[in-house]
Amino acid sequence: MNDDLTIIMPSYNKERYIVQALESIFKQNTTYNYKVIVADDCSCDRTIEIVKEFQERYPNKIILLTSEKNNKLYKNIIRAYELTKTPYFCVLDADDYYLSDNFVQNALDYLEKNKDCTIYIANVLQMLPDGKIEKYSNFKAQKTTFEEYLNGVFPFTQTSACVYRNVIFKDGVPEKILNPTVQSWEFSFRGDTFRNLIHLNKGFAYNSEGHDTVYRITDEGIWQGLSQIEQNLFNATIYKDFYLYFDKMYPKFLRLSYSLYKNIENNFLERFLNINSQTVQDKIIQGLRVLNTCYKENENALKENQNNVFGLKKLIMRFCKKS
């Protein structure tokens, strides 16, 4: 019997949480068939042992991908994409979990009935480090198109809440994703922002009203460990890379990138000098230089913003000497 859904679970040293994540999958009340791909990035705790225990409990339901070395998230999840040939797929991080036992059923029911929908999105609760649970998102039912996104409508919540129609990976992972020619793409395209936009570009997203998943915030998260400058730089780089990925068809991505770039100016010196790591400081300077070069090469795409493109140039050059 063919599977309808692939649930991808990237993991790295998640022994404390992965039991709850996997149990929330196998508690789903659904008429659809699904399989789970656990892509483990060389965990050195009991993560793999736990997954193997679940394989014994649920034969033929879990594919475990192991690695002899840590390859980081981009390469780790790409190999799961390559195996994803089902009509639908989603990603559940090993420290998050499904709250509703009907999440899969509701998502696939909607996608089955609405063939132009490429992303089903639920609302999310977040679990804080102290165990307190509160709302992370609270969308009302709505549809959003790619054009509406470009005009400022943001329908997305968090990784665990999205189920995708497999319009991208069913025919293989695109070459530009498998072998990126831009160095930053491995960082920009490793998470949910990238998945969301390449699928939204093929249809529309639908937000449901239910709070169906839980996003666990831990001190192990990549995002939580970044400074404000690094977060702005990361986002500016992502949208610059979307502009390039879509072959410069959507200048609004570049303008959004630039607006984030400009936000870095706020208290830049104070924030920059408070970063104690020379390595991090060097990465920030290099990242700003790359962005500045891209804006200069694509001045026309920035249109009304182009006169202010180089607001950080002197500031950047001041620190480039030590990089």
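The model is a predicted one, in which local features need pLDDT of at least 70, side-chain atom pairs count only at pLDDT 80 or more, and totals for chains, interfaces and linings use all residues. Residues are numbered from 1 along each chain as its sequence is written, and side-chain values use heavy atoms, with hydrogens and water left out.

The chain holds 14 helices and ten strands (DSSP runs numbered from the N terminus, with H or I over at least four residues for helices and E over at least two for strands). Its radius of gyration is 21 Å, close to the 20 Å given by the globule rule for 323 residues, so the chain is as compact as a globular protein of that length; the radius is taken over C-alpha atoms, and the rule is 2.2 Å times the number of residues to the power 0.38. Along the principal axes, the C-alpha trace spans about 60 × 40 × 40 Å. Among contacts (heavy atoms within 4.5 Å) between residues at least 6 apart in sequence, 81% join residues at least 24 apart.

With 17% relative accessibility, Ser 67 counts as buried. Its side chain reaches the backbone oxygen of Lys 69 at 2.5 Å and makes a polar contact with the side chain of Asn 71 at 3.0 Å. A polar contact here is a pair of N or O atoms within 3.5 Å; within protein, one must be able to donate a hydrogen and the other to accept it, and residues adjacent in sequence count only if both atoms are side-chain atoms. Setting aside neighbours within four places in sequence, Ser 67 is in contact with Asp 40, Asp 41, Cys 42 and Arg 79.

Two backbone angles also deserve a look. Most residues other than glycine have a negative phi. Cys 42, one of the residues in contact with Ser 67, has a positive phi of about 65° although it is not a glycine. Cys 42 belongs to the loop between strand 2 (34–40) and helix 2 (47–57), and is partly exposed at 25% relative accessible area. Lys 72 likewise has a positive phi, near 70°. This lysine lies in helix 3 and is exposed, with a relative accessible area of 59%.

Notes: Buried means under 20% relative accessible area, exposed over 50%, partly exposed in between (1.4 Å probe, protein chains only).
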